[in-house]
Amino acid sequence: MITLDAITLTFPDGSERVTAVDNVSLTAQPGTVTAITGPSGSGKSSVLAVAATLIRPDRGQVIVGGIDATELNRADASRLRRERIGIVFQQSNLLPSLTAVEQLVVMGELGGSARRGRPRATERARELLGAVGLTDHLDKRPAQLSGGQRQRVNIARALMNEPTVLLVDEPTSALDQERGAEIIDLIVGLSTDQGTATLLVTHDLVHLPRVHAVLQMVDGRLSPVPMGAVRSTAAHESS
């Protein structure tokens with residue numbers, strides 16, 4: 001589980017400070033996907049960066065599996081990130097010289113899977129790539145994969161160290177609607193199966209009925225969106 005409690009984040013702007021995240025609170029439960037949507041510049045990515053312990057907020061708490069991440073020093077926050085938080089960036093950022101399996105094994109060696117040794121890490125990498133539908137592409141390098149396939153490797157890599165929290169930033173931005181729907185379905189299915197508490201930032205409203213809860217960000221403030229309104233908006237977007 002991940003909880004953000006009364007998070008406020010500001011950035012310097014000349015002699016003043018601009019509020020990017022304004023007293024935001026949310027909780028994502030294990031096995032669920034909570035989507036955060038809203039216009040560009042509303043603070044969505046800032047919330048995700050705070051949740052990932054990449055940015056320390058001015059005020060508030062980030063609780064990951066019972067640990068207050070805002071109280072950790074840089075080294076301990078980095079360790080928490082490696083061992084408990086999986087991050088799927090908008091761009092896959094795969095290493096061009098490594099195969100799909102090797103991308104995951106390297107991640108395992110950097111985090112919690114390292115203690116199991118390379119054979120177990122390789123076994124888990126193969127299992128995860130199978131779970132995302134890439135059994136026939138284990139030994140291919142990024143240049144040999146489509147955009148959707150690279151994103152699947154990206155998602156599998158984020159799950160390599162069995163995180164309790166999964167943070168996903170605009171996973172469908174470079175995909176068409178059909179491939180985007182496949183990726184969202186994949187994230188929802190894996191979150192349920194792996195028991196991760198997932199926060200998903202997206203601008204793609206048509207996919208929102210697939211997730212468990214939707215929050216809207218406007219001017220740094222977060223509010224829940226009823227699923228009935230989500231379905232109505234999604235139907236309008238797809239028509």
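This is a predicted model: local features need pLDDT of at least 70, side-chain atom pairs count only at pLDDT 80 or more; totals for chains, interfaces and linings use all residues.
# Briefing on strands, helices and backbone angles

The phi angle of Ala6 is near 55°, a positive value in a residue other than glycine. Most residues other than glycine have a negative phi.

**Strands E1, E4 and E5**

- Strand E1, which covers residues 2-13, runs antiparallel to strand E4, residues 59-64, and five bridges join the two.
- Within this pairing, Thr3 stands opposite Ile63 in E4, and Ile63 also has a bridge partner in E5, namely Asp68.
- E4 pairs with strand E5, residues 67-68, in the antiparallel sense, and two bridges hold this pairing.
- The hairpin of E4 and E5 has two residues between the strands, and in this hairpin Gly65 takes a positive phi near 55°.

**The six-stranded sheet**

- Six strands form an open sheet with mixed pairing, and reading across the sheet gives the order E6-E7-E8-E3-E9-E10.
- Strand E6 (85-88) and strand E10 (221-225) stand at the edges, and each has a single partner strand, so one side of each is left without a neighbour in the sheet.
- From one strand to the next, the twist averages 20°.
- The edge strand E6 runs parallel to strand E7, residues 165-169, and is joined to E7 by four bridges, with Ile85 standing opposite Val165 in E7.

**Helices lying across the sheet strands**

- Helix H1, made of residues 44-51, lies across strand E3 (32-37), E6, E7, strand E8 (197-201) and strand E9 (213-218), and runs at about 150° to E7.
- Helix H6, made of residues 177-194, lies across E3, E7 and E8, and runs at about 140° to E3.
- In the loop between E7 and H6 is Glu170, which has a positive phi of about 45° although it is not a glycine.
- Glu170 has a relative accessible area of 11% and is therefore buried, since the limit for that word is under 20%.

**The packing of H3 against H4**

- Two packed helices are described by the angle between their axes and the distance between the axes.
- Helix H3 (residues 100-110) packs with helix H4 (residues 118-131) at an angle of about 130°, and their axes are 9 Å apart, which makes H3 oblique to H4.
- The crossing in which H3 passes H4 is right-handed.
- On the H3 side the contact is made by Ala100, Val101, Leu104, Val105 and Glu109, while H4 contributes Arg118, Ala121, Thr122, Ala125, Arg126, Leu128 and Leu129.
- Sorted by class, the residues in this contact of H3 with H4 are eight nonpolar, one polar and three charged.
- The buried residues in H3 are Ala100, Val101, Gln103, Leu104, Val105 and Gly108, and what covers them includes H4 and helix H5 (147-158).

**Glu237 in helix H7**

- Which helix holds Glu237? Glu237 has its place in helix H7, which spans residues 227-238.
- With a relative accessible area of 45%, Glu237 is partly exposed.
- Glu237 and Leu205 are 32 residues apart along the chain, and their C-alpha atoms are separated by 7.1 Å.

Key:
Residues are numbered from 1 along each chain as its sequence is written. Side-chain values use heavy atoms; hydrogens and water are left out. Axes are lines fitted to C-alpha atoms, for helices over the stretch in contact, and angles run from 0 to 180 degrees between N-to-C directions. Angles under 35 degrees count as roughly parallel, over 145 as roughly antiparallel, 65 to 115 as roughly perpendicular and the rest as oblique. A crossing is left-handed if the near helix is turned anticlockwise from the far one by less than a right angle, and right-handed if clockwise. Contact means heavy atoms within 4.5 Å. Ala, Val, Leu, Ile, Met, Phe, Trp, Tyr, Cys and Pro count as nonpolar, Asp, Glu, Lys and Arg as charged, and the others, Gly among them, as polar. Two strands pair if DSSP finds at least two bridges between them. Buried means under 20% relative accessible area, exposed over 50%, partly exposed in between (1.4 Å probe, protein chains only).
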